[in-house]
Amino acid sequence: MKRRIFAAAATLVLAGCASVPHDSGWLAGKLSVEVRPADAPPRRMASGFELQGDGERGELRLTSPLGSIVATARWAPGEAVLTTSDGSTRYGGLDELSREALGEAMPLAALPDWLAGRPWPGADSQPTARGFAQLGWTIDLARRDDGWVEASRTGPPPVVVRVRLEAPG
């Protein structure tokens, strides 16, 4: 499953970027993830995305440069489902889904709040000069007014998530 997601993401990176149309009530933009394991080459993926919901219930769509959906993650308490062209796979939650699909547990439940420029209410946070730290991640909001949010974890392994939000419309 990991190879399929990263293969799809590699195709997206090679194909370039385009605007992602989105429905009202959805956050949309471009998302890149880089995982840098010490014993292997970095793994990178980039995609358009559409996101709706919060840490408890929601949906994340990863899209191609032409706007077609490559993968969809849906979650509710106690479950998460990843759907790709190969079918659907159920997981016990977002942490398990991210660990299996990306090779690392990432705090996907916190992502909607982080993109909104605030700490996730499900865990303690500490303010930093450029944003805040939470769950072992540093959230850089210094360019959020321009649509950019960056979340990074020093590791192991180091992970960097960069998001470029589209203006609503």
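Modeller: Helices (H or I, at least four residues) and strands (E, at least two) are DSSP runs, numbered from the N terminus. Read along the sequence, the protein has the order α-β-β-β-β-β-β-α-α-β-β-β-β-β. In total there are 3 helices and 11 strands.

Biologist: What should I know about the model itself before we go on?

Modeller: This is a predicted model, in which local features need pLDDT of at least 70 and side-chain atom pairs count only at pLDDT 80 or more, while totals for chains, interfaces and linings use all residues. Residues are numbered from 1 along each chain as its sequence is written, and side-chain values use heavy atoms, with hydrogens and water left out.

Biologist: What percentage of the 169 residues is buried?

Modeller: The buried share is 41% of the 169 residues. Buried means under 20% relative accessible area, exposed means over 50%, and partly exposed lies in between (1.4 Å probe, protein chains only).

Biologist: And how do the buried nonpolar residues group together?

Modeller: In soluble globular proteins, nonpolar side chains tend to be buried together. A nonpolar core is a set of buried Ala, Val, Leu, Ile, Met, Phe, Trp, Tyr and Cys residues joined through side-chain atoms within 4.5 Å. The largest such core here has 35 residues. Val 33, Phe 49, Leu 97, Leu 115, Trp 137, Ile 139 and Val 161 have the most contacts inside it.

Biologist: Which residues does Val 161 touch?

Modeller: A contact means heavy atoms within 4.5 Å. Leaving aside residues up to four places away in sequence, Val 161 touches Leu 31, Ser 32, Val 33, Met 106, Trp 137, Val 149, Glu 150 and Ala 151. For the protein as a whole, 40% of the contacts with a separation of 6 or more are between residues 24 or more positions apart.

Biologist: Let us turn to charges. How many salt bridges are there?

Modeller: A salt bridge is a side-chain nitrogen of Lys or Arg within 4 Å of a carboxyl oxygen of Asp or Glu. By this rule the count is 9. In one of them, Arg 61 meets Glu 50, with the closest N and O atoms 3.0 Å apart. This pair links distant parts of the chain, since Arg 61 is in strand 3 (residues 58-63) and Glu 50 in strand 2 (residues 43-53), 11 residues apart. Both Arg 61 and Glu 50 are buried.

Biologist: What else does Arg 61 do?

Modeller: The charged end of Arg 61 sits over the ring of Trp 26, 3.9 Å from its centre. The rule for this is that NZ of Lys or CZ of Arg is within 6 Å of the ring centre and within 35 degrees of the ring normal.

Biologist: And where are Glu 150 and Arg 162?

Modeller: The side chains of Glu 150 and Arg 162 form a salt bridge (3.1 Å, N to O). Glu 150 lies in strand 10 (residues 148-153) and Arg 162 in strand 11 (residues 159-165), so the pair ties together parts that are 12 residues apart in sequence. Glu 150 is partly exposed, at 27% relative accessible area, and Arg 162 is partly exposed at 35%. Salt bridges that share partners also join Glu 50, Glu 59, Arg 61 and Arg 74 into one network.

Biologist: Finally, what is the backbone like at Leu 135?

Modeller: Most residues other than glycine have a negative phi, and most peptide bonds are trans. Phi of Leu 135, however, is near 55 degrees, a positive value in a residue other than glycine. Leu 135 lies in the loop between strand 8 (131-134) and strand 9, and its relative accessibility of 40% makes it partly exposed.
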